[in-house]
Amino acid sequence: SEAGRVVRDAATGRSIARSSLPVATPSVTAPPASPTTQINCAKLKCVALTFDDGTCAACVAKILDVLEQTGAPATFFPNGTYGASWEPQAKRIKALVASGQLTLGNHTFSHGVSTQIGSAAFGADLQRNEDWIQKTFKLSGRPWFRPPFGDYDSGTVSAAGERGYRKVIMWSGTVADSDLRSEAYLLNAIQ
(Lines give C-alpha, C1' and ligand atoms only; values in the text may rest on other atoms or scores of the structure.)
Protein backbone atom coordinates (compact mmCIF):
# COMPACT_ATOMS: atom_id res chain seq x y z
CA SER A 1 0.00 0.00 0.00
CA GLU A 2 1.18 3.53 -0.79
CA ALA A 3 -0.74 4.97 2.20
CA GLY A 4 1.50 6.85 4.58
CA ARG A 5 4.52 6.83 2.26
CA VAL A 6 6.50 9.98 1.93
CA VAL A 7 8.01 11.19 -1.34
CA ARG A 8 11.01 13.47 -1.48
CA ASP A 9 11.03 16.29 -3.98
CA ALA A 10 14.48 16.02 -5.53
CA ALA A 11 14.54 19.70 -6.48
CA THR A 12 13.79 21.12 -3.03
CA GLY A 13 14.60 18.22 -0.71
CA ARG A 14 11.17 18.68 0.89
CA SER A 15 9.33 15.56 2.07
CA ILE A 16 5.67 15.32 1.13
CA ALA A 17 3.20 12.69 2.37
CA ARG A 18 1.58 10.71 -0.42
CA SER A 19 -2.19 10.30 -0.31
CA SER A 20 -3.90 6.93 -0.08
CA LEU A 21 -6.25 7.69 -3.01
CA PRO A 22 -6.28 5.14 -5.85
CA VAL A 23 -3.77 5.62 -8.64
CA ALA A 24 -4.21 4.57 -12.26
CA THR A 25 -1.37 2.92 -14.13
CA PRO A 26 -1.28 3.57 -17.86
CA SER A 27 -1.27 0.53 -20.12
CA VAL A 28 1.95 -0.02 -21.99
CA THR A 29 1.65 -0.56 -25.71
CA ALA A 30 4.18 -1.95 -28.11
CA PRO A 31 6.13 0.37 -30.42
CA PRO A 32 4.34 1.67 -33.53
CA ALA A 33 5.29 -1.36 -35.64
CA SER A 34 2.51 -3.27 -33.87
CA PRO A 35 0.27 -0.64 -32.21
CA THR A 36 -2.50 -3.07 -31.24
CA THR A 37 -0.25 -5.34 -29.17
CA GLN A 38 -0.74 -4.97 -25.42
CA ILE A 39 1.89 -6.00 -22.92
CA ASN A 40 0.60 -7.54 -19.69
CA CYS A 41 2.77 -5.94 -17.01
CA ALA A 42 1.17 -8.18 -14.37
CA LYS A 43 3.02 -11.10 -16.00
CA LEU A 44 6.13 -9.39 -17.37
CA LYS A 45 8.53 -6.92 -15.81
CA CYS A 46 7.70 -3.55 -17.33
CA VAL A 47 8.99 -0.03 -17.07
CA ALA A 48 6.70 2.83 -18.03
CA LEU A 49 8.78 5.75 -19.27
CA THR A 50 7.25 8.99 -18.07
CA PHE A 51 8.80 12.43 -18.23
CA ASP A 52 7.49 15.55 -16.53
CA ASP A 53 8.33 19.23 -16.09
CA GLY A 54 10.66 20.00 -19.02
CA THR A 55 13.11 22.53 -17.63
CA CYS A 56 15.79 21.71 -20.22
CA ALA A 57 15.15 22.27 -23.95
CA ALA A 58 18.16 20.18 -25.00
CA CYS A 59 16.95 17.34 -22.75
CA VAL A 60 13.44 17.34 -24.26
CA ALA A 61 14.97 17.24 -27.76
CA LYS A 62 17.30 14.37 -26.80
CA ILE A 63 14.50 12.35 -25.22
CA LEU A 64 12.52 12.74 -28.44
CA ASP A 65 15.59 11.65 -30.48
CA VAL A 66 15.86 8.47 -28.40
CA LEU A 67 12.13 7.73 -28.59
CA GLU A 68 12.15 8.17 -32.37
CA GLN A 69 15.24 5.95 -32.72
CA THR A 70 13.99 3.15 -30.48
CA GLY A 71 10.22 3.22 -30.93
CA ALA A 72 9.86 3.01 -27.14
CA PRO A 73 6.47 4.12 -25.79
CA ALA A 74 6.45 6.98 -23.30
CA THR A 75 4.25 9.58 -21.62
CA PHE A 76 5.05 13.28 -21.28
CA PHE A 77 3.60 15.49 -18.55
CA PRO A 78 4.76 18.97 -19.59
CA ASN A 79 4.41 22.13 -17.52
CA GLY A 80 3.48 25.18 -19.59
CA THR A 81 5.76 27.35 -17.50
CA TYR A 82 8.60 25.57 -19.33
CA GLY A 83 7.05 26.19 -22.74
CA ALA A 84 10.39 27.28 -24.19
CA SER A 85 11.58 23.67 -23.81
CA TRP A 86 8.47 22.09 -25.33
CA GLU A 87 7.23 24.45 -28.03
CA PRO A 88 10.14 23.96 -30.48
CA GLN A 89 9.37 20.21 -30.38
CA ALA A 90 5.59 20.51 -30.88
CA LYS A 91 5.52 18.95 -34.37
CA ARG A 92 7.62 15.98 -33.27
CA ILE A 93 5.49 15.44 -30.17
CA LYS A 94 2.27 15.65 -32.15
CA ALA A 95 3.59 13.10 -34.68
CA LEU A 96 4.58 10.65 -31.93
CA VAL A 97 1.16 11.01 -30.30
CA ALA A 98 -0.53 10.42 -33.66
CA SER A 99 1.53 7.23 -34.13
CA GLY A 100 0.43 5.90 -30.73
CA GLN A 101 3.98 5.89 -29.36
CA LEU A 102 3.59 8.90 -27.06
CA THR A 103 0.85 9.94 -24.65
CA LEU A 104 0.44 13.44 -23.23
CA GLY A 105 -0.85 14.15 -19.75
CA ASN A 106 -1.25 17.29 -17.65
CA HIS A 107 1.18 18.25 -14.86
CA THR A 108 -0.22 21.76 -14.18
CA PHE A 109 1.12 24.98 -15.63
CA SER A 110 3.17 26.22 -12.69
CA HIS A 111 4.00 23.03 -10.70
CA GLY A 112 2.63 24.23 -7.35
CA VAL A 113 2.06 21.90 -4.40
CA SER A 114 -1.56 20.93 -5.06
CA THR A 115 -2.87 20.65 -1.51
CA GLN A 116 -1.10 23.82 -0.41
CA ILE A 117 -2.61 26.01 -3.14
CA GLY A 118 -6.10 24.55 -2.65
CA SER A 119 -8.42 22.72 -5.02
CA ALA A 120 -9.78 25.85 -6.78
CA ALA A 121 -6.29 27.20 -7.57
CA PHE A 122 -5.13 23.71 -8.52
CA GLY A 123 -8.08 23.32 -10.91
CA ALA A 124 -7.37 26.71 -12.49
CA ASP A 125 -3.68 25.83 -12.93
CA LEU A 126 -4.59 22.46 -14.45
CA GLN A 127 -6.95 24.20 -16.88
CA ARG A 128 -4.32 26.82 -17.75
CA ASN A 129 -1.95 23.99 -18.65
CA GLU A 130 -4.65 22.21 -20.68
CA ASP A 131 -5.20 25.44 -22.61
CA TRP A 132 -1.45 25.65 -23.25
CA ILE A 133 -1.30 21.96 -24.30
CA GLN A 134 -4.15 22.50 -26.77
CA LYS A 135 -2.60 25.68 -28.18
CA THR A 136 0.91 24.21 -28.43
CA PHE A 137 0.27 20.64 -29.55
CA LYS A 138 -3.34 20.81 -30.83
CA LEU A 139 -3.99 17.90 -28.44
CA SER A 140 -5.42 17.31 -24.97
CA GLY A 141 -3.78 15.92 -21.86
CA ARG A 142 -7.09 14.34 -20.81
CA PRO A 143 -7.75 12.01 -19.04
CA TRP A 144 -4.23 11.75 -17.52
CA PHE A 145 -2.79 14.02 -14.84
CA ARG A 146 0.23 13.83 -12.60
CA PRO A 147 0.09 15.98 -9.48
CA PRO A 148 3.30 17.93 -8.84
CA PHE A 149 5.45 16.31 -6.14
CA GLY A 150 2.95 13.42 -6.02
CA ASP A 151 0.85 15.59 -3.71
CA TYR A 152 -2.93 15.24 -4.00
CA ASP A 153 -6.08 14.74 -1.97
CA SER A 154 -9.81 14.33 -2.59
CA GLY A 155 -10.18 18.06 -3.41
CA THR A 156 -7.40 17.85 -6.00
CA VAL A 157 -8.90 14.73 -7.57
CA SER A 158 -12.36 16.35 -7.61
CA ALA A 159 -11.04 19.53 -9.27
CA ALA A 160 -9.23 17.42 -11.86
CA GLY A 161 -12.30 15.24 -12.48
CA GLU A 162 -14.46 18.30 -13.08
CA ARG A 163 -12.09 19.17 -15.93
CA GLY A 164 -12.07 15.69 -17.48
CA TYR A 165 -8.95 14.35 -15.78
CA ARG A 166 -9.96 11.00 -14.34
CA LYS A 167 -6.63 9.14 -14.21
CA VAL A 168 -4.00 10.03 -11.59
CA ILE A 169 -0.60 8.86 -12.82
CA MET A 170 2.11 8.45 -10.21
CA TRP A 171 5.48 6.74 -10.16
CA SER A 172 6.94 3.86 -8.22
CA GLY A 173 10.58 4.77 -8.74
CA THR A 174 12.69 7.60 -10.00
CA VAL A 175 16.11 8.14 -11.46
CA ALA A 176 16.27 11.49 -9.62
CA ASP A 177 16.98 13.33 -12.83
CA SER A 178 17.15 16.80 -11.34
CA ASP A 179 20.90 16.20 -10.91
CA LEU A 180 23.44 14.60 -13.24
CA ARG A 181 23.64 10.86 -12.57
CA SER A 182 26.11 8.17 -13.64
CA GLU A 183 25.09 5.25 -15.83
CA ALA A 184 25.65 2.91 -12.86
CA TYR A 185 23.31 5.02 -10.70
CA LEU A 186 20.59 4.97 -13.35
CA LEU A 187 20.83 1.21 -13.89
CA ASN A 188 20.66 0.59 -10.16
CA ALA A 189 17.66 2.92 -9.80
CA ILE A 190 15.55 1.04 -12.35
CA GLN A 191 16.32 -2.50 -11.18
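**Ground rules.** I number residues from 1 along each chain as its sequence is written, and side-chain values use heavy atoms, with hydrogens and water left out. Since the model is predicted, local features need pLDDT of at least 70 and side-chain atom pairs count only at pLDDT 80 or more, while totals for chains, interfaces and linings use all residues.

**Entry: the sheet.** I looked up the strand order and found an open sheet of three strands, β3-β4-β5, with parallel pairing. Strands (E, at least two residues) and helices (H or I, at least four) are DSSP runs, numbered from the N terminus; two strands pair if DSSP finds at least two bridges between them. β3 (49–53) and β5 (102–104) are at the edges with a single partner strand each, so one side of each has no neighbour in the sheet. From one strand to the next, the twist averages 20°. I then checked β4 (residues 74–78), which pairs with β5 in the parallel sense over three bridges. T75 is opposite T103 in β5. Helix α3 (residues 90–99) packs on the sheet, touching β4 and β5, and its direction makes about 110° with that of β5. Contact here means heavy atoms within 4.5 Å; axes are lines fitted to C-alpha atoms, for helices over the stretch in contact, with angles from 0 to 180 degrees between N-to-C directions.

**Entry: the rings.** I found five aromatic pairs in the structure. Rings of Phe, Tyr and Trp (its six-membered ring) pair if their centres lie within 6.5 Å; planes under 30 degrees apart are stacked, over 60 edge-to-face, and the rest tilted. One of them is F51 with F76, edge-to-face at 5.8 Å centre to centre and 80° between the planes. This pair links β3 and β4, 25 residues apart. W86 lies in helix α2 (residues 83–86) and F76 in β4, so the pair ties together parts ten residues apart in sequence.

**Entry: the disulfide.** I counted one disulfide, taken as a pair of cysteine sulfur atoms within 2.5 Å. C56 is joined to C59, S to S 2.4 Å, and the link is right-handed, with 70° about the S-S bond. C56 is partly exposed at 27%, and C59 is partly exposed at 40%.

Definitions and conventions
Buried < 20%, exposed > 50% of the residue type's maximum accessible area, 1.4 Å probe, protein only.
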